[in-house]
Amino acid sequence: MASLLLAISPLLQIATAAYSPAITTYQGPAPPHITETHGPIRASYAHPNQATSSLTGIPSYTVTSASSYSIAYTNSTSPATPTATGNGTLPACKKIQYDFPAGQGGNATRAAAVAEAYQYAWNAYRQYAFGKDELLPLNRSYIQDWYGWGVTIVDGIDTAIVMNLTDIVEEQLAYIQTIDFTTTPYGPVEIFDTSIRYLGGLLSSHDLLKSGLFPNSYNQDQVNALLSQAVTLANKIAYGFDTTTGIASTNVNFTSNTPIQGTYTVGNITYNSTNTASAGTFLLDWLRLSDLTGNDTYRQLVERGESYLVNPNPAPAYPGLVGTQFDVDSGRLLSFDGGWHSGVDSFLEYLLKSYQYEQTPSTTQYKNFWLQAVQSTVENIALHPYNFPDLTFISELDVNGTITQTMDDYSCFAGGNFLLGCKFLDMPELCDLGVAAADGCHQTYNTTLTGLGPLYWGWYNSSNEQYDPLEDNDAAARKFAAEYGYFIEYQDETWADFPESIESWFYAYRITGDPRWAEYVWEVFLAINETARNDVAFTHVNNVNMPFGGSQSNALDSFFFAEVLKYIYLTFADPNVVNLEQFVFNTESHPLLVQCGIGDIDDNSGGNATGAPSHNVRRKFEHAVK
């Protein structure tokens, strides 16, 4: 890796000339707003099938040893020859979505309102922060918190493509071509977010525009630059995999091309460590990059480190539910705080989704490990609060592996993940679990004064006791829990552009066809407009259980464009727009083409659909977005 870690094309020299687009104003209809805060609405968790207490057909689990991979590292003096990754004839795609009758399942009026919200926020970003990372919507300024490459543009472009906002996409494509991903003045580069936001955004936009499902009259040099820019960026952050085990470091020094380790202390010993979600959320994006470029080294890089995560030593408290920290030097598991929460969440998410993307011996092993985690969830941490036998929350564990009776909003992606597994793996009992989990998260939105959910909540167990003795004696928490089944953790009352619950309701609607899930999404969109929208763009909400959110915070995350607005829009778009049988979403809601064949969509050996779309495919899409 002296000159280059991977056997890939030379680094591109990207022009960095200033780019200043003209400001345009959207002339379409404004979204409907609620006009006052109505308070809690109704119980939301009753459904015909409760979460199952056991699963059937869980396979025995084995994993390929990490030593089976061989990759050229730091002392290499010449690139290795890339290995082609063509798939030959792709298999038929798996049926996942509900069979909506032709012309039904969408709501054009609501979809247009969501597109207006994107344009409203984009116009503010363009005016006050174009080319910078993120808009500060209270003081009409910006922040360079993601290396100055314009994360809002790269993270948000695929949503604009899906919404058919062609003028905005043209601006974004023109800017992306100018980014120099080889350098940044803003310190070490954190690999996890850089991969899911930047790399995922580039690959997704490339896949959408090359799929033939979306209008693509754009400058083709700029469209092709999406992939070449992804390669340039991946070649830099790939230096973070240059560790003893191949588990990625937390950061990379872009000047010296060296990994920078995070640390974790157990007792008196401090380890070089990486958070499990950070280390385990590369599979989907990097497998796709490998297939698009024909370079198997990208695949080998991420699978080498992944082998330690899915073969944990020591064993976690419950099979599959690994904790949040792994030793980068030895590959050992350092903590036992398992669950589906922040720190573990997207690692588990990608185990199933990589198998949906393509079925290989490696991804089959990942799927089997995911099933072990789901089985442990059903048996141990899918819990019902005191006096609420129909309400299901998924507890996290503490560092010793003890159930805490607490859950964060990040865990709310799990309902959609279970539902996806239900359909893709033909395991109906997983749909019961997915619906129960999604309903549980809706309860935390549906019962606050704003209709938005908090970051973190707890509940009392079947004996009416809490893990934290302070909360065991908190009279206010007990009264709220007696009414709604949970209490909001102190200082975690914020709504900070959280997409995870919306994500699960989107999956629930597309998979079950039950219209109540679409209504849940719409209620949240109205609540966002009521409490998070200001006269500039959108903001964070400081307290979801105060009238109108109490106050707003000066932040607008790139994932508001990438995730929140995309999942809401797709709930109301024609169900064939980004069909779950054709695309798999990365953890930042960037859809990537699944390695399966549907007509002329992604049906060539490399998985890169570059041919002109058929007349019927284009007409179908254009009808869907009208």
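Thr265 has Thr270 in β7 as its bridge partner. The two strands here are β6 (residues 262–266) and β7 (residues 269–275), antiparallel and joined by five bridges; two strands pair if DSSP finds at least two bridges between them. This is a predicted model, where local features need pLDDT of at least 70, side-chain atom pairs count only at pLDDT 80 or more, and totals for chains, interfaces and linings use all residues. Residues are numbered from 1 along each chain as its sequence is written, and side-chain values use heavy atoms, leaving out hydrogens and water.

**The hairpin**
- β6 and β7 make a hairpin with two residues between them.
- Gly267, in the turn, has a positive phi of about 65°.

**Around Ser553**
- Ser553 sits in strand β15 (residues 552–553).
- Ser553 is partly exposed, because its relative accessible area is 23% (buried is under 20%, exposed over 50%, partly exposed in between, with a 1.4 Å probe and protein chains only).
- Leaving aside residues up to four places away in sequence, Ser553 touches Leu138, Thr539, His540 and Asn542 (contact means heavy atoms within 4.5 Å).
- Leu136 is 417 residues from Ser553 in sequence, yet the C-alpha to C-alpha distance is 9.0 Å.

**The whole protein**
- You get 18 helices and 17 strands; these are DSSP runs numbered from the N terminus, helices being H or I of at least four residues and strands E of at least two.
- Of the 626 residues, 63% count as buried.
- Take contacts between residues at least 6 apart in sequence: 74% join residues at least 24 apart.
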